[in-house]
Amino acid sequence: MTLDRTSSAFADCYEGSPEWVVRAPGRVNLIGEHTDYNDGFVMPMAINRAVYIAGRNTGGDQVRIHSVDFGEESSFSLSEVTELTPAGDSWLEYVKGTAWALADSGRSLAGWEGVLLGDVPVGAGLSSSAAVELAVARAFQRGADWSWDAAAMALLGQRAENRWVGVNCGIMDQMISACGKDGHALLLDCRSLEGQHVPLPNGVAVVVLDTGTRRGLVDSAYNERRAQCEAAARFFSVGALRDVDEETFADRMHALDETPRRRARHVISENARTERAAEAMRQGDAQRLGLLLNESHVSLRDDFSVSSEALDAMVECAQDHASCYGARMTGAGFGGCAVALVDVEQTALFVEETAQTYRTRTGHDPSVYVCRAMEGAEVL
Ligand code: GLA
């Protein structure tokens, strides 16, 4: 995606040139899965696939927006979004929901017209929705008298998604779309929202492998996992599973029913793995990082039960390749993508051979994205 493409999309719809272009990236999570809503640790990176808005300030009360990818134009007035009036989950609702969250936080908003487009695949688990939220926040901030506070914007994006769109996500996706850094992943404490940028080891490529499968009812399965984690936290008499360490868990787990016990074991061990992964990255130890990813997959598959046949197959195909340090499912699960760490010199071979073995084994057509870690939401 280039600036030229966003500008020419703008010219096609509105004539003339845009006054501004903003960009907010999608993400892949390296490790720390289903830990964000347990106040734990995650380690996503922002990727070189993003949502762009090219726009022109019009002042007044109207926002006019054309989604190039959906081939639809729509408009709404800012006075409409002073009340919480959600209407489904179309792309426009993410735009309106973000405008609502910004206005509700007391920020002044002014109208604009623009085009929305991007190259984050929708529904693949690479957080195209968080990217839309952060791009929209940037677009409003661009013309306003208030300053950009990345963490505050991430929280408002999450609020739009929770309250307006009705998806009960954690904070990871919005935080990384807001706070990504070139060449780095973000070790994020989802309780304090303090983050540390951790460099990716030299010589390692991050490859996202889309299984080409999606499962329905992901939202209800996700909400069920959240409820099970909350029940386990109540058992340990803590606010969130983040507060249970591995030792306490080992002492008391026998009194807990099997399902919440497994869910808790995943979250508690995953938090520990995520901190260890950051250590391994700081030491440039790709081998150790890879092993932690492999362990994370086993835990998500066996204890948290959010993998799928296709994801397990993809992860095994990746892990079996000689160039692969480690691989696991990534994102909410139940289909979608895996992530693999690969010897950078062997990337092309890995991509070709892993896609082929996966195709032969499952009959599904995979998509593969070799990712670079990028900056968070910005004005270009
Ligand atoms: C989805 C949610 C995130 C996080 C992951 C699982 O991507 O949006 O907040 O909970 O699932 O780690």
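Biologist: Leaving aside its neighbours within four places in sequence, which residues is Leu-155 in contact with?

Modeller: Contact here means heavy atoms within 4.5 Å. Set aside the neighbours within four places in sequence, and Leu-155 has as its contacts Ile-171 and Leu-193.

Biologist: Before we go on, what kind of model is this?

Modeller: Residues are numbered from 1 along each chain as its sequence is written, and side-chain values use heavy atoms, with hydrogens and water left out. Local features need pLDDT of at least 70, side-chain atom pairs count only at pLDDT 80 or more, and totals for chains, interfaces and linings use all residues, since the model is predicted.

Biologist: Back to Leu-155: is it buried, exposed or partly exposed?

Modeller: Leu-155 lies in helix 4, residues 150-165; helices (H or I, at least four residues) and strands (E, at least two) are DSSP runs, numbered from the N terminus. Buried means under 20% relative accessible area, exposed over 50%, and partly exposed in between (1.4 Å probe, protein chains only). Leu-155 has a relative accessible area of 38%, so it is partly exposed.

Biologist: In the open sheet of 3 strands, which are the edge strands?

Modeller: The 3 strands run in the order 2-7-8 with antiparallel pairing, where two strands pair if DSSP finds at least two bridges between them. Strand 7 (residues 184-189) and strand 8 are joined over 5 bridges, and His-184 has Pro-199 in strand 8 as its bridge partner. An edge strand pairs on one side only, and here that describes strand 2 (41-42) and strand 8 (195-199).

Biologist: Which helix packs on that sheet?

Modeller: The helix touches strand 2, strand 7 and strand 8, and its direction makes about 50 degrees with that of strand 8. Axes are lines fitted to C-alpha atoms, for helices over the stretch in contact, and angles run from 0 to 180 degrees between N-to-C directions. The helix you want is helix 8 (residues 258-282).

Biologist: Are the rings of Trp-20 and Trp-112 stacked or edge-to-face?

Modeller: Rings of Phe, Tyr and Trp (its six-membered ring) pair if their centres lie within 6.5 Å; planes under 30 degrees apart count as stacked, over 60 as edge-to-face and the rest as tilted. By that rule there are 7 aromatic pairs. For Trp-20 and Trp-112 the centres are 5.7 Å apart and the planes at 80 degrees, so the pair is edge-to-face.

Biologist: How far apart in sequence are the parts that this pair ties together?

Modeller: Trp-20 is buried at a relative accessible area of 3%, and Trp-112 is buried too, at 1%. Together with Phe-140 they form one aromatic cluster. Trp-20 is in strand 1 (residues 20-29) and Trp-112 in strand 6 (residues 112-118), so the parts tied together are separated in sequence by 92 residues.

Biologist: Which ring does the charged end of Arg-252 sit over?

Modeller: A charge sits over a ring if NZ of Lys or CZ of Arg is within 6 Å of the ring centre and within 35 degrees of the ring normal. Arg-138 lies over the face of Trp-148, at 3.9 Å from the ring centre. The charged end of Arg-252 is 4.8 Å from the centre of its ring, that of Phe-235.

Biologist: I'm thinking about cysteines now. How many disulfides does the structure hold?

Modeller: A disulfide is a pair of cysteine sulfur atoms within 2.5 Å. For Cys-169 the nearest cysteine sulfur, that of Cys-190, is 12 Å away. The closest one to the sulfur of Cys-371 is in Cys-337, at 8.8 Å, so it is too far for a bond. Across the whole structure, the number of disulfides is 0.

Biologist: What is the phi of Phe-334, about?

Modeller: Most residues other than glycine have a negative phi. Phe-334 lies in the loop between strand 10 and strand 11 and is buried, with a relative accessible area of 4%. Its phi is positive although Phe-334 is not a glycine, near 60 degrees.

Biologist: And which residue in strand 11 stands opposite Arg-328?

Modeller: Strand 10 (residues 324-329) has 5 of its 6 residues buried, so it is largely enclosed by the rest of the structure. Strand 10 pairs with strand 11 (residues 337-343) in the antiparallel sense over 5 bridges. Opposite Arg-328 you'll find Val-339.
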